[in-house]
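Student: I'd like to walk through this model with you. Can we take it one feature at a time?

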Amino acid sequence: MNKIYIYLLFVGLLGAMIACQEEEIMVYHDVDYIQFSKAVTDSSTCSFLAYPNQTEQQFPIAVELIGMLSDRDREYKVSVFADYSTASTANYRLPDRFVLKAGQTKDTCYLTAIKTEQIGRQAVRLTLQIEETSDFKVGKTEKSAAIIYISNVISQPDWWQDWNFEYYYLGTYSDKKYRTFIEVTGVADVDVNDTAALKELVIIFKNYLKQKKDAGETIYEDDGTEMSVGQGFYAG
Amino acid sequence: MRTIFKISVFCFFIGLLTACYKDLGNYNLVDNNQIIITTVAALTKTTVPVGDTVIIVPKITWRYPERDTTSAAFSFEWQLVNATTSDVISNERDLKWKSDKVGSFTAVLLVTEKATGVETRLTTTVSVTSLYSEGFLFLSEKDGKPILSFLGRITTKSVRPKEYEYRSYVDIYPAGNDPLPASARLVTSYIVGSEASEIMLIDDDGCWILDGNSLEKTSTLRNVFMGGGYPSGFQPQYFYRGGAANWALAADGNLYLGLLNAFPPTDWLHDPIMQTPIYVSGGAKFRYLESSVAFYDYLVLFDELNNRLCFFNSSWSSVGWNEGQALTIVSSSTPPIANIAHFDNFKFLSFNWSGSKYSPVYSLFLKDQNDGKYYYYEFSISFDYQHTITVTGIQQREFEGSAYITDNTLFWRLDNNPYVYFAEGSKLYFYDLNTRAVKLYKDFGNGVKITQLRQALKDINAPNIAVVLSTGDFYLYDATSAAVLSAPDPSAEGLIYHFSGLGTVKNVAWKYKSSFSYSEQIWSDY
């Protein structure tokens with residue numbers, strides 16, 4: 001009976017003590033990550049169609065920090081994922097290392113794309129990947145790689161394959177329309193998330209189509225229909 | 001030892017038992033004189049301009065009115081509460097509080113029955129508005145410097161028919177700030193939120209944007225272009241704010257489009273103006289018109305290059321935002337009736353829209369350059385909410401007041417009324433579209449020139465006409481009352497307000513307080 005009393009009292013006191021235990025806040029330690037700003041599914045096109053007189057061009061690739069700001073410059077590395085690339089070293093140059101400046105959360109690294117005869121026949125795919133360095137680990141998987149098509153041929157870019165883009169911006173895709181768009185705007189690759197800049201590009205293109213029509217030089221698609229922007233583009 | 005254990009366990013369980021003890025209480029019942037507090041609407045003023053007195057007269061009823069219901073039996077405490085503070089502002093039964101800051105507050109009246117300590121409260125909202133909330137905004141030059149002045153309209157009776165009081169303020173721009181740009185020549189105001197508006201001063205440089213209440217500079221037109229700067233060669237002519245788009249008109253007649261992210265527009269960061277001017281089929285050189293944006297739905301501009309009107313749609317419709325699209329005009333009119341899409345031999349003199357949101361009427365004065373005759377012309381439109389407007393209801397008539405006008409005459413067709421006011425030199429006339437009679441409203445005398453005509457929006461069915469003189473005077477007249485218009489001297493009967501000392505008025509614009517007051521105005525005819 002004594003044991004039962006002791007047991008009951010012990011259980012009661014233990015319960016009271018547990019109820020008063022302070023929970024420590026967990027602290028995470030400082031591992032910083034770096035990743036591309038765009039997901040791997042959102043490919044980019046580096047086209048020479050807008051720069052017919054250039055043999056090389058600097059192509060920007062945005063990266064972003066996931067982690068803490070630093071008061072010192074830190075190195076990150078971007079390399080070519082050869083297994084998923086059709087581009088050869090003749091098509092590009094890529095520095096070994098890049099630097100995220102102190103106090104910055106974003107950086108733009110530049111790839112030098114080289115115009116070759118090959119890309120005049122067919123676009124080549126260059127798949128880049130983030131590599132771990134002493135300063136950074138690799139960020140999210142879906143943003144750890146970037147696909148860039150280096151091209152001097154016209155082909156429908158990924159961003160023009162969305163129904164909303166067709167309806168609200170440039171209309172039905174055709175190689176002829178894309179080529180005209182690049183010639184008029186000087187832009188082959190658009191950021192669909194920057195709607196203000198995108199709309200200005202479409203205005204420039206729309207203006208051009210109207211001006212050509214006024215000049216009696218209406219631009220037609222190959223099927224004989226008049227070239228136009230998207231039905232839902234209500235600006236300008 | 002065993003006893004100690006027994007006592008401990010006993011106490012432990014007693015403790016558990018007492019935790020379940022039901023407290024039956026021991027209270028003194030008070031027969032509450034339940035009071036109900038409302039307000040006496042006729043004596044209460046809860047929306048006032050800053051500096052005016054907020055008055056709240058409570059109406060109190062009691063369960064036992066036979067008891068002492070005088071102030072001796074109750075204490076009163078008025079608290080003014082906002083997000084961060086709570087101040088006791090009065091211990092009187094009726095609140096009379098002189099407002100000293102702009103904002104929306106909660107006024108709380110605590111009524112405490114002294115005998116019992118029972119407290120009852122009334123909560124009501126108090127709105128203290130800027131002195132410059134709503135009314136006419138003047139840009140003028142006085143004593144060699146640009147000034148802003150204001151004729152505020154304060155609603156004194158909000159139940160229709162509404163009643164207003166006008167208060168005038170000369171040189172309202174806050175001292176201690178950078179001086180207003182010397183080249184400022186036009187002023188415009190537009191709403192940017194449910195309780196906010198902005199003012200833009202058009203000048204030869206950046207075009208200042210001022211907060212509509214504080215008049216503090218917040219930005220410039222230059223800054224709201226993409227990239228934070230004007231396009232190459234851009235010289236500002238005017239700025240128009242629409243529903244789903246805005247436009248900057250350049251001195252060279254080019255039109256630059258900005259797309260809005262919401263209505264009322266709130267955020268310039270997301271609404272930048274493009275660096276590329278829009279191209280209208282046939283090309284265009286647009287000219288500033290004062291009355292160009294109809295209910296934020298359309299922008300109408302005169303194209304000097306092709307002698308035509310151009311419409312741009314900025315309304316919201318079921319198909320989405322119409323982001324300033326140039327509309328194709330379909331008009332079946334043929335000579336001798338003018339066609340707004342190409343006036344040909346007609347010289348365009350003036351334009352303004354009138355009517356209601358869903359039945360606007362566009363009124364023009366034209367001159368046939370072949371025979372020099374003046375014509376009054378009006379039309380309505382229907383549109384497909386996408387690409388085309390169709391001109392309907394065209395009326396063109398030789399103007400019966402031709403003897404009184406020149407190519408430089410000022411015109412203003414009133415909303416929802418058959419009157420066109422026009423000013424030539426020192427004389428103000430009105431033209432009755434029904435009777436086709438022209439009558440002199442006021443001659444301001446030799447050496448005086450009427451420089452601007454505007455409409456002051458009252459209840460939309462009874463607008464007033466506003467007249468600016470070269471002498472720095474401003475007159476507001478009843479423009480529609482039959483008794484006034486039939487009087488031998490209508491101006492003697494119809495004067496509502498005279499504002500003087502404005503200097504040389506360069507421009508005058510109507511300033512709305514908020515999107516609420518704007519909406520109230522435009523829907524008032526429904």
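Tutor: Strands (E, at least two residues) and helices (H or I, at least four) are DSSP runs, numbered from the N terminus. This is a predicted model, where local features need pLDDT of at least 70, side-chain atom pairs count only at pLDDT 80 or more, and totals for chains, interfaces and linings use all residues. Residues are numbered from 1 along each chain as its sequence is written, while chains are lettered from A and ligands numbered from 1 in the order in which they are written.

Student: How many bridges join E10 to E11 in chain B?

Tutor: E10 covers residues 135–142 and E11 covers residues 145–157, and the two run antiparallel. B:Leu139 stands opposite B:Leu148 in E11(B). The count of bridges joining E10 to E11 in chain B is eight.

Student: Is B:Cys207 buried or exposed?

Tutor: Its backbone is worth a look: B:Cys207 has a positive phi of about 65 degrees although it isn't a glycine. Most residues other than glycine have a negative phi. B:Cys207 is in the loop between strand E14 (196–202) and strand E15 (208–211) of chain B. A residue is buried if 20 or more other C-beta atoms, placed from the backbone, lie within 10 Å of its own, exposed if 12 or fewer, and partly exposed in between; B:Cys207 has 24, so it is buried.

Student: And where does B:Asn416 lie?

Tutor: B:Asn416 also isn't a glycine, and its phi is positive at about 50 degrees. With 17 other C-beta atoms within 10 Å, B:Asn416 is partly exposed. Its place is the loop between strand E33 (410–413) and strand E34 (419–424) of chain B.

Student: Which residue forms a cis peptide bond with B:Pro335?

Tutor: Most peptide bonds are trans. Here omega is about 10 degrees, and the bond is cis.

Student: Last one: which residues of helix H3 in chain A are buried?

Tutor: H3 spans residues 163–170 of chain A. The helix is followed by A:Gly171, whose phi is positive, near 80 degrees. The buried ones are A:Tyr168, A:Tyr169 and A:Leu170.

Notes
Two strands pair if DSSP finds at least two bridges between them.
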